[in-house]
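Keep the structure open while reading.

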Amino acid sequence: MSHIKISSDLVHHQKTMNAGNAAMGAWLRALCFCARNETGGLLSKRAARLIGPRSLLMRLVAVGLMEIAEEGGYRLVEDDTLWRIDRSEWSRSAYPDVRARDGARCRYCGRDDRPTAIDHVIPRCRGGGDGAENLVVACVPCNASKGGRTPAQAGLTLRPPPERN
Ligand SMILES: [Zn+2]
């Protein structure tokens, strides 16, 4: 999985305004499709049919967000100031593993009747990583009170994960 980084400037960008929201929706999906399938920005005719009607895609061509590809279909117009594909590992990918390991129980206070969040044991701002070994389920109050501190600094004790049955 990859991320797409989109500039916040896009909100008022002339191309956005000219394209309109419907075409921008098609553009976002085209971006995701190309990133997910690593097409190098090429949207084949077949893929284009899955993304949206020709009128929307031609609208994107008209405003300069896509172009007609020589090989058929469309191609995303590259523009580093507006968007780029980030192929680094998606940082949230460890979250399902952490949920499976810790369940609904807070690893700090031990309660399982509160809404939970995923907490970085060593906060990212202190160099903590995004791997499951640095992530735990924490209830929202514990997570909020801990803030950008380590458990020791916040006066919290990390409990072991629940036993598996
Ligand atoms: Zn808690």
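Of the 165 residues in the protein chain of this predicted model, 22% are buried. A residue counts as buried here if 20 or more other C-beta atoms lie within 10 Å of its own.

The secondary structure consists of seven strands and five helices. Starting at the N terminus, the order of elements is β-α-β-α-α-β-β-β-α-β-β-α. The chain is more spread out than a compact globule, because its radius of gyration is 22 Å, well over the 15 Å that the globule rule gives for 165 residues. Along the principal axes, the C-alpha atoms fill a box of roughly 60 × 35 × 25 Å.

The chain is divided into two parts: domain 1 covers 3-86 and domain 2 covers 91-146. Their C-alpha centres are 36 Å apart. As for contacts between residues at least 6 apart in sequence, 65% join residues at least 24 apart.

Three strands make up an open sheet with antiparallel pairing, in the order 2-4-3. Strand 2 (42-43) and strand 3 (66-68) are at the edges; each has a single partner strand, so one side of each is left without a neighbour in the sheet. Helix 3 (residues 54-63) packs on this sheet and touches strand 3 and strand 4. The direction of helix 3 makes about 105° with that of strand 3.

Strand 3 and strand 4 (residues 74-76) run antiparallel and are joined by three bridges. In one of these pairings, M66 has L76 in strand 4 as its bridge partner.

Methods. Residues numbered from 1 in each chain as written. Predicted model: local features only at pLDDT ≥ 70, side-chain atom pairs only at ≥ 80, totals over all residues. Helix = DSSP H or I, 4+ residues; strand = E, 2+ residues; numbered from the N terminus. Rg over C-alpha atoms; globule rule 2.2 N^0.38 Å. Buried ≥ 20, exposed ≤ 12 C-beta atoms within 10 Å, placed from the backbone. Contact = placed C-beta atoms within 7 Å. Domains from an automatic or database assignment. Pairing = 2+ DSSP bridges. Axes fitted to C-alpha atoms, helices over the stretch in contact; angles between N-to-C directions.
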